[in-house]
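Good morning, and thank you for coming.

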2 protein chains.
Amino acid sequence: ACLSEEDPDPTRALLQLCVDGHYVAPGQVHSDLLQRGMCCNYGPLGLELKTTLLEQWWRSVKRSRSTQVFGISTPLQTHHRTSGEEGDPLVVDVKILNQLLLDAEELSKAQIIQRIQTLLRLSTSLRTNLLQGALEQYSSWVELVNRRLPFGLAESGLSVQPLDGSRGEATHTSLVWFCSPQSSSQWLDHWTRLRLRWWRKFALAPSEFSSRDVPEKELQGCASRGVKIVYSFPWGQETLENLWSLGDSELLQTYDGVRAKIQCRDGRKLVIPHVVSVVSNMDRGMMAYMHNSLQLLKKHDGKQKLYQSQRKVLKLHPVLAPVKVALEMGRGATLELRQVCEGLLQELLEAGVSAWPGYMDTTSSSMEQLNTKYDQMGVLFTVVIDDKTLESGLLQVRSRDSTVRELKHVSEVTGFVRRYVRGAHNM
Amino acid sequence: ACLSEEDPDPTRALLQLCVDGHYVAPGQVHSDLLQRGMCCNYGPLGLELKTTLLEQWWRSVKRSRSTQVFGISTPLQTHHRTSGEEGDPLVVDVKILNQLLLDAEELSKAQIIQRIQTLLRLSTSLRTNLLQGALEQYSSWVELVNRRLPFGLAESGLSVQPLDGSRGEATHTSLVWFCSPQSSSQWLDHWTRLRLRWWRKFALAPSEFSSRDVPEKELQGCASRGVKIVYSFPWGQETLENLWSLGDSELLQTYDGVRAKIQCRDGRKLVIPHVVSVVSNMDRGMMAYMHNSLQLLKKHDGKQKLYQSQRKVLKLHPVLAPVKVALEMGRGATLELRQVCEGLLQELLEAGVSAWPGYMDTTSSSMEQLNTKYDQMGVLFTVVIDDKTLESGLLQVRSRDSTVRELKHVSEVTGFVRRYVRGAHNM
């Protein structure tokens, strides 16, 4: 992203673009959450981008050659756990708490304590990571591989995170990888390579994604090695993904040390698997791609050095771009043109190509204004249907990246865009 | 589903099948949650089925002809709301609560109350539905349609639900539809028709999905009309989807009656939109399809009336079946066959066809046992690769639904399965 060199406040400019492009709802509170890598109120384009990122993550973990990864889904709340033992946030019944405050005058101290204990008994814990759920599910799925290593359990979902003395939430993806003790360090390297390659695959400036080893003194819990994949934001480096080599102690702890429940075959030996945990924050990942793909280009209109003469283009990778095609109506018989637009919109949506029905917006805008708007949204192609389309079937297709306009037949558009995105995917 | 007539305890049999087919983790607690339409620990097949259902829901709401629906995503936790006013569950810091209990001896009653008030101030609310979030986001996205009715905001995600004095969670999909006052009743009928058609589209026995009007005396809050889409489970009818015509009062309430913020254009008039809410529980929906597609067929082996002589086949719609192809290895040179299996697995996964690497399981099972297993998992096609495949490229493809085995060339399999599923989708 060329943003930082051009804009006096690149953070503000990036957050504003997220709002202007309909990725995030307007309001300071949403921008703050976004900047901290938390879920906020996403708009239609933000939701589409996040969904696509998660899909691509699932594709990559499931398809990595000759590995066995099973997807699982565990609940957000845990029951039947010793409440709060692990410092997880608790969900409590607000009615009991409010009633307690109302009754406080008449209650003795002992009665108040008793009410709080009742409250605790009926509480549930909210998860703060996806690792624990996968460890607890290990014994349910290890038979799927006949206790043969290695294999993995993958999950994506929300985890509750601390935020200013209170809490927010982030969309995590987690791969918990079970392998033989002597291979765990190699697997950590393997997944680091794969994951860094994945982040860079969709980047415009891949070098802003990098990995670094966690220094030994910063290792926490039972981690024997750690790697972070980080991104350089205008406000500093932030961690997108954590990879930990955790040994066998977390698994042993989860199963109270009952080795028979957890041991696996490594060739002819029985071993307690070692765990490699690979966790990324996809809310922050979205933000990294937004920043990475934003380009400020000078307009060729002679008015150099004016802020207004910059073109902001969100050059998201064709696979990630939330809107592949925007449909606009030019001059001509409104009713007929609208029918062509609707027909093409349906065709695109049915082919799984996300399209934006710009023709429904009846505010009159110049083509220049529309291009500016769609470039900020990161729309890959803008299609203009006008009275010439009714005569010849030809319409104008403008590319975000080349800014070139081409004439294409209405029947070619869907196939052309699909091939373009597929081509970019396989590059 | 023919289950209820054949099995003495159809509920138990259904829940057992969910476990045997790797849809749900073993354990009574997961089965209980599942039966109540709550999220539980899903296994690889359950996760895939739920993901597919959600995808199909998004396709259907986005593609319904000439309507404008925008996807949004709102956080699970709300900050800055008067805590607990609405009876939502609260998330509190367990450390403060535990410390309070530890210190209780030395604290006065007033101090305890003060600590509880601090706890409340730092708490967040968990959502119990997706409606409120969409109403709060209405003003952010209404400009996308130039305040022109109708349009909708769609979201899928978790909502916290009461469960035995405590709480669980369910995966909801929500369409909040904003329309002109005089059209709201027609829109309610429109969405009921569309949604019932959607549920039935993937059903083996469509008549077990039905809709019924909510009697006037059962209407809650500001609902003026309501419709439920229900499914007949062995343990009784349960609601899969609620459609409510809510009028304008919820929207007015959310915006403190400030009409300028919410009014829209209906032709030339300015109106306060009416809200139609369409909410379904996809955890329960999954369970409905599991039940609906389970068939108990008598085996043609002469041993009639024995429980063992029944074939259990999970005839999930081809679009919903979580595993389209299971790959098995027959007799022959192990290493070479394994390479063929891996090649085909990669090809299927890259084409987006979910495949089960049965060949990795080295437990020796007869073809009969494998077919029984895959029928219970609802696997659409079982492919057997053996030494003949190495000679001629031919392999055996068995269909779950016809039980017919056909020889196909290894290069044809992926295309064949894709066409089969697409064909079933368009039917």
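**The interface and selected local features**

Across the interface of chain A and chain B, two salt bridges are found, a salt bridge being a side-chain nitrogen of Lys or Arg within 4 Å of a carboxyl oxygen of Asp or Glu. In a salt bridge, the side chain of Lys62(A) meets that of Glu48(B), at 3.0 Å from N to O. Helix 4 of chain A, residues 44-63, gives the largest share of the side of chain A that touches chain B, namely eight residues. Helices (H or I, at least four residues) and strands (E, at least two) are DSSP runs, numbered from the N terminus.

A word on the basis of these values. This is a predicted model, in which local features need pLDDT of at least 70 and side-chain atom pairs count only at pLDDT 80 or more, while totals for chains, interfaces and linings use all residues. Residues are numbered from 1 along each chain as its sequence is written, chains are lettered from A and ligands numbered from 1 in the order in which they are written, and side-chain values use heavy atoms, with hydrogens and water left out.

How many residues of each chain are in contact at this interface? The count is 84 residues of chain A and 84 residues of chain B, where contact means heavy atoms within 4.5 Å. Together the two chains bury about 7,100 Å², 59% of it on carbon and sulfur atoms; buried area is the accessible area (1.4 Å probe) that two parts lose on being put together, summed over both. Arg63(A), Lys109(A) and Arg167(A) supply 9% of the area that chain A buries against chain B, more than any other three residues.

Six strands form an open sheet in the order 2(A)-4(A)-3(A)-3(B)-4(B)-2(B), with antiparallel pairing; two strands pair if DSSP finds at least two bridges between them. Its edge strands are strand 2 (77-78) of chain A and strand 2 (77-78) of chain B, each pairing on one side only. Between the chains, strand 3 (residues 90-92) of chain A and strand 3 (residues 90-92) of chain B run antiparallel and are joined by three bridges. Leu90(A) stands opposite Val92(B) in strand 3 of chain B, and Leu90(A) also stands opposite Ser125(A) in strand 4 of chain A.

I turn now to the backbone. Most residues other than glycine have a negative phi, and most peptide bonds are trans. The peptide bond from Leu149(A) to Pro150(A) is cis, with omega near -5°, and Pro150(A) lies in the loop between helix 7 (131-141) and strand 5 (151-163) of chain A. In chain B, a cis peptide bond joins Leu149(B) and Pro150(B), with omega about -5°.

Two residues of chain B have a positive phi without being glycine: Asn146(B), near 50°, and Asp256(B), about 50°. Are they buried or exposed? Asn146(B), in the loop between helix 7 and strand 5 of chain B, has a relative accessible area of 13% and is therefore buried (under 20%; exposed is over 50%, partly exposed in between, with a 1.4 Å probe and protein chains only). Asp256(B), in the loop between helix 9 (249-254) and helix 10 (259-262) of chain B, counts as exposed at 70% relative accessibility.
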